[in-house]
Amino acid sequence: MPEQTKPRYWNQYVDHGGRWRKDPRTGRAMRPPGEDLAALRAGLGRDAVTVPQLWPFYTCPVDDRLARKGQVSEEQEAEHAALALYGLHQQGQDNPMHRRDVGLGKALRALRHSGKFSEEAVDARVAAAVAATSVPALLMRLRGLVTQLRVVNQPLDYDALMADIHRWHRAPSRQIVRRGWGLGYHAWAQPQPDPDTPSV
């Protein structure tokens, strides 16, 4: 099976530092065209490779054995879902909504502390998402959370999200993803020592 050579859609516009890439000819920021984002959003709630508008944006290699049966790989399904969520997230935003090393748990923690939504309501939505046992259920719940992340201008790592969605298909790896999201969401911090308390 051939390996992916084209960068994922979000990486074509966002550099490693989370900034818009610059057009080498003009020096201007390159942003995803609105028509691209609209095409990506057309994939929300739809099966992978059933929305022709998205075909130009896929980068995953095609598994010929599955294709002959009219099936797609789990990786293709994950890319489709991530593209659709990215199209929703980036819509109307001036800043990039893809940022490396900002896992979903960390992004949702920022949402919880944003003051825009009650912490209890965010907790309940996050709990519902991580309780999902199927990919379609997960994606339905992520859609609502990504909409809220857009409201507070909070980016996340779409490469990591795509990998997490891919791993959600299998119970053992799903548990690993849940654990990672939980650690990012709660991010228990070591208490800072009191400067007036002498060390032992």
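At what angle do helix H5 and H6 pack, and how far apart are their axes? In this predicted model, helix H5, which spans residues 119-131, packs against H6 at an angle of about 150°, and the axes of the two helices lie 8 Å apart. An angle over 145 degrees counts as roughly antiparallel, and H5 and H6 are therefore roughly antiparallel to each other. The protein as a whole contains 8 helices and 0 strands, and its C-alpha atoms fill a box of roughly 70 × 45 × 30 Å when this is taken along the principal axes.

**Overall architecture**

- Read from the N terminus on, the elements of the protein follow the order α-α-α-α-α-α-α-α, in keeping with the count of 8 helices and 0 strands.

**Packing of H5 with H6**

- The crossing in which H5 passes H6 is left-handed.
- On the H5 side the residues that meet H6 are Arg 125, Val 126, Ala 128, Ala 129 and Ala 131, while on the H6 side they are Leu 138, Arg 141, Gly 144, Leu 145 and Gln 148.
- Sorted by class, this contact of H5 with H6 comprises 6 nonpolar, 2 polar and 2 charged residues.

**Packing of H3 with H6**

- H6 also packs with H3, where the two axes come within 9 Å and cross at roughly 30°, which makes H3 roughly parallel to H6.
- The contact draws on Ala 81, Leu 85, Leu 88 and His 89 from H3, and on Leu 139, Leu 142, Arg 143, Val 146, Thr 147, Leu 149 and Arg 150 from H6.
- The residues of the contact of H3 with H6 divide by class into 7 nonpolar, 2 polar and 2 charged, and the crossing of these helices is right-handed.

**Packing of H4 with H8**

- Helix H4, covering residues 104-112, and helix H8, covering residues 171-186, have axes 7 Å apart and pack at an angle of about 35°, in a crossing that is right-handed.
- From H4, the residues Leu 104, Gly 105, Lys 106, Leu 108, Arg 109 and Arg 112 meet Trp 181, Gly 184, Tyr 185 and His 186 from H8.
- In this contact of H4 with H8, 4 residues are nonpolar, 3 are polar and 3 are charged.

**Largest pocket**

- The largest pocket holds about 390 Å³ of space, and of the 18 residues that line it, Gly 45, Arg 46, Asp 47, Pro 136 and Leu 139 are the closest to its centre.
- Helix H3, at residues 74-90, and helix H6, at residues 135-151, each supply at least two residues of this lining.
- The lining of the largest pocket is made up, by class, of 10 nonpolar, 4 polar and 4 charged residues.

- The residues that line the largest cavity are Val 49, Tyr 58, Cys 60, Gln 76 and Glu 79, and by class its lining has 3 nonpolar, 1 polar and 1 charged residues.

Notes
Residues numbered from 1 in each chain as written. Predicted model: local features only at pLDDT ≥ 70, side-chain atom pairs only at ≥ 80, totals over all residues. Heavy atoms only, no water. 1 Å grid on protein atoms, 1.4 Å probe; cavity = no way out; pocket = protein on both sides within 12 Å on 5 of 7 lines; lining within 4 Å. Points joined across faces, edges and corners; volume = space filled by probe spheres on them. Helix = DSSP H or I, 4+ residues; strand = E, 2+ residues; numbered from the N terminus. Nonpolar A, V, L, I, M, F, W, Y, C, P; charged D, E, K, R; others polar. Axes fitted to C-alpha atoms, helices over the stretch in contact; angles between N-to-C directions. Parallel < 35°, antiparallel > 145°, perpendicular 65-115°, else oblique. Left-handed = near helix turned anticlockwise from the far one by under 90°. Contact = heavy atoms within 4.5 Å.
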